[in-house]
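Hello,

I am passing a structure on to you, and I hope you enjoy looking through it. Please open it first, and then read my notes below.

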Amino acid sequence: MKAVRRRFTTPVQILYTNQRNLSSIATAIAVDDHGPIWTHNKTPSWVRTYPTRVSNLHQTLQKCARQRLPLEGMACHSHIIQYGLWNNTLTSNILINMYSKCGILDYARKVFDEMPERSLVSWNTMIGSYTQNGNEREALDLFVQMQRDGTEFSEFTVSGVLCACAAEFAVFECRQLHAFALKASMLANVFVGTGLLDVYAKCGLLEDAIQVFEYMPERSDVTWSSMVAGYVKNELFEEALLMFRKVQVTGVEFNQFIVSSVLAACAAIAAKIEGIQTHAVLVKTGFIVNFFVCSSLVDMYSKCGSINDAYSVFSHAQDKNIVLLNAMISGFSRHGRSMEAMILFEKMQQIGLQPNEVTYVSVLSACGHMGLVKEGKKYFDMMVKEHNLSPNVYHYSCMVDVLCRTGLIDKAKTLIDKMPFEATASIWGSLLSSCRVYNNVELAEIAARRLFEIEPDNAGNHVLLSNIYAANRQWDEVIQARKLLKETEVKKERGKSWIEIKDKVHAFMVGERNHDRIGEIYSKLEDIMVEMRKFGYRCETQHDLHNVEDDKKEELLRHHSEKLALVYGLMCLPSSAPIRIMKNLRICGDCHVFMKLASKITGREIVVRDTNRFHHFRNGFCSCGEFW
């Protein structure tokens, strides 16, 4: 057929824009027998065209969807209307896909609503469009409409709606879909099964998720990844690591998502050995170049007490994006290296990356750890004035912490009262802890009452208030506080410390008696105590607030779990290796003094992670600067 030369001078009408022409669109479309030809016009030009065919239009629309070209897609849509193809079901499905990939859901829905006949693909495409673009509630509503219309659904329909349920935490709808899948014999489908267990896990129904997982005859890498992530989300970190080992044994080709979940589990329980093994897997598989995985690796090392290893991973990363930088700044903050955190914050802006809300939480936290009030106020103002970010409750929490740690308790209380949010347990807890340090009983009672309302099952708040009374010799109030604790029937968490030695974790409780070498540990501890007394060490009995004689208090303090873990580390680890100890509670003042002196006497670096932060003890000093 002879080519016809013509010029695009006629205005092109688009269905939903109410525009009379495409003069604002700098693209003209021409189609020939070999596929679409795109000619970018800044000035009118002549192009060669042939009669339009449906397949050519479909190819053009698919290209628009792949390359996210909405204006060109609209122009192609106008051709479809011009040639009377708008009522073709396949063409409409492709249009819906194109508009959804370009993020124009209103247009996609208009095409869907005006289709004279819809196929199952039409429904699936529209539901999937809503889910992928964060409109999960609309996806669920459309599925209900699909049911009312009597359209039969497929495995892809169910899996698509399950994705919407997971985002909305819609347990009720998930159970209904579970029943649908069971009746329709779809439960064995890998996509349906994976979607079900993902929803159950994200909604905290892990037993249901496990049942679905065990029932599945076939599992994909996404299935395993969802199961590991489910364990991590429900804080079953050791189970997540065991599941990852099963993945390796079964030979499943795992992805970056499962590795990120495993690293999160290692970070949560400070399982450095498993973290190092996962790092080796990353190097072998090549996932180390993925910046999300790299960020998880930085976070894992920093939470396991190896901030230098974290920085090494950060330094060797090929691309440094905001996620990776945030992880490193957070790591510096957690380890009391506030100067490095602030320097990296400045470097981030120098390379053209704008800090976000997460960045400011980390840098404000760094100021809080070191009691840097001036710097904290500067960053808080900078967030609003220079980067146009609205402070959220986490930023206010950091600022309250900054003020509390420097003794500005009244100013912290004023800030809490002026906040545009309800104060969280973390904020009131920071105020209560500060009242303990600075002996402010009045504000301590206010903070404690609010904490009793917010988290009634937290025994630590009752104990801390009791300790504040005891520190001020208000023994009647101590009795009342402990009576209230007993009446609420909440249990105080026992202190526990653990240390990794030769691929094995050794845990200690206060007054430990069950360890295989406990006799040697106590004997070595006494020798260290004798040596410390030569340097003037005495148990700081004010940190044990039982109403007993000082001799008894000294006995209780001497056998705290972190002291036992330290002694075992000194017995078993090489003299050049740092001793890393993890705790489930805040380190007490006496143990803090003990660790400082132990680092001086032994010449060892001692790292203790408590619930608040990391303490690096070297040569008789701690990285926290006495703020913790």
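This is a predicted model: local features need pLDDT of at least 70, side-chain atom pairs count only at pLDDT 80 or more; totals for chains, interfaces and linings use all residues.

Let's begin with the strands. E5 (residues 496-501) and E6 (residues 504-509) pair in the antiparallel sense, over 6 bridges.

Next, a pair of helices. Two packed helices are described by the angle between their axes and the distance between the axes. For H23 (residues 425-438) and H25 (residues 459-471), the angle is about 20 degrees and the axes are 9 Å apart. Angles under 35 degrees count as roughly parallel, and H23 and H25 are therefore roughly parallel to each other. H23 passes H25 in a left-handed crossing. On the H23 side, Leu432, Ser433, Cys435 and Arg436 take part, and they meet Asn461, Leu464, Ile468 and Ala471 of H25. Sorted by class, this contact has 5 nonpolar, 2 polar and 1 charged residues.

Finally, which residue forms a salt bridge with aspartate 113? The partner is arginine 109, and the closest N and O atoms lie 2.9 Å apart. Both residues sit in helix H4 (residues 105-113), and because they are 4 residues apart there, about one helical turn separates them. In total, the structure holds 18 salt bridges.

Technical notes:
Residues are numbered from 1 along each chain as its sequence is written. Side-chain values use heavy atoms; hydrogens and water are left out. Axes are lines fitted to C-alpha atoms, for helices over the stretch in contact, and angles run from 0 to 180 degrees between N-to-C directions. Helices (H or I, at least four residues) and strands (E, at least two) are DSSP runs, numbered from the N terminus. Angles under 35 degrees count as roughly parallel, over 145 as roughly antiparallel, 65 to 115 as roughly perpendicular and the rest as oblique. A crossing is left-handed if the near helix is turned anticlockwise from the far one by less than a right angle, and right-handed if clockwise. Contact means heavy atoms within 4.5 Å. Ala, Val, Leu, Ile, Met, Phe, Trp, Tyr, Cys and Pro count as nonpolar, Asp, Glu, Lys and Arg as charged, and the others, Gly among them, as polar. Two strands pair if DSSP finds at least two bridges between them. A salt bridge is a side-chain nitrogen of Lys or Arg within 4 Å of a carboxyl oxygen of Asp or Glu.
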